Amino acid sequence: MTEQHQSWDAFWAEVQGSAETEVIAGVTVRVPVDVSMDFEQRLKRFQDSDREEDVAVLVNELFGEDVYQQWLDGGMTARGFLTALGWGIARAKGHDLTFREAYELMQRAEGNPQAPNREQRRAAQNGRSGAGGGQSKRTSAGSTGSRRRR
């Protein structure tokens with residue numbers, strides 16, 4: 001079949017790529033690359049739900065059938081769950097987020113001031129503090145303090 005006459009399903013399978021997997025809390029899951037059009041609406045609607053079935057539906061859509069129950073059975077922690085969920089949603093939206101970045105986002109969302117930001121992590125890796133470690137770089141040739149002309 002020529003590319004010009006390729007079916008939608010064949011084209012979309014090609015765009016989605018191979019079925020990459022990851023192991024999270026001892027369970028092999030597919031790495032989310034997309035979600036249904038109504039996923040975000042359901043996520044918002046179920047956000048304050050305390051019905052386990054609502055959460056299971058969303059998790060299973062992201063990661064695969066029965067993943068939620070396997071995580072429960074395996075003793076996954078609440079923070080681990082929120083980190084995995086945040087990572088999965090970001091990946092489904094096309095963001096190449098690491099598990100560490102997802103964890104730090106979850107920590108900040110919970111109001112934990114101990115979650116280091118990216119600048120602090122890089123500074124720690126370079127052995128210097130985040131504030132002052134060298135000269136500032138010039139950002140533009142124009143003055144940022146000039147008045148706007150009318």
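A cavity, as I use the word, is a set of points on a 1 Å grid over the protein atoms alone where a 1.4 Å probe fits but cannot get out, and a lining residue has an atom within 4 Å of a point.

**Ground rules.** I'm working with a predicted model, where local features need pLDDT of at least 70, side-chain atom pairs count only at pLDDT 80 or more, and totals for chains, interfaces and linings use all residues. Residues are numbered from 1 along each chain as its sequence is written, and side-chain values use heavy atoms, with hydrogens and water left out.

**Entry 1, the cavity.** I looked for cavities of 30 Å³ or more and found one. The largest cavity holds about 30 Å³ of space (a volume is the space filled by probe spheres set on the points, which are joined across faces, edges and corners). I noted its lining as V35, F39, E40, L62, I89, A92 and K93. Helix 2 (39-46) and helix 5 (78-92) each give at least two of the lining residues (helices are DSSP runs of H or I with at least four residues, strands are E runs of at least two, both numbered from the N terminus). I sorted the cavity lining into five nonpolar, no polar and two charged residues (Ala, Val, Leu, Ile, Met, Phe, Trp, Tyr, Cys and Pro count as nonpolar, Asp, Glu, Lys and Arg as charged, and the others, Gly among them, as polar).

Next I checked the largest pocket (an open set with protein on both sides within 12 Å along at least five of seven lines). About 600 Å³ of space lies in the largest pocket. I count 22 residues in its lining, with Q47, L82, L85, G86 and I89 nearest the centre. Helix 5 supplies the largest share, seven residues. By class, I get 16 nonpolar, three polar and three charged residues for this lining.

I then looked at helix 3 (residues 52-63) and helix 4 (residues 67-74), whose axes come within 7 Å and cross at roughly 110° (axes are lines fitted to C-alpha atoms over the stretch in contact, with angles from 0 to 180 degrees between N-to-C directions). So helix 3 is roughly perpendicular to helix 4 (65 to 115 degrees). Among the contact residues (heavy atoms within 4.5 Å) I jotted down V55 and F63 of helix 3 and W71 of helix 4.

Strand 1 (residues 21-24) and strand 2 (residues 27-30) pair in the antiparallel sense over four bridges (pairing takes at least two DSSP bridges). I see V27 as the bridge partner of I24. Two residues sit between the strands, and A25 has a positive phi near 55°.

Key:
Parallel < 35°, antiparallel > 145°, perpendicular 65-115°, else oblique.
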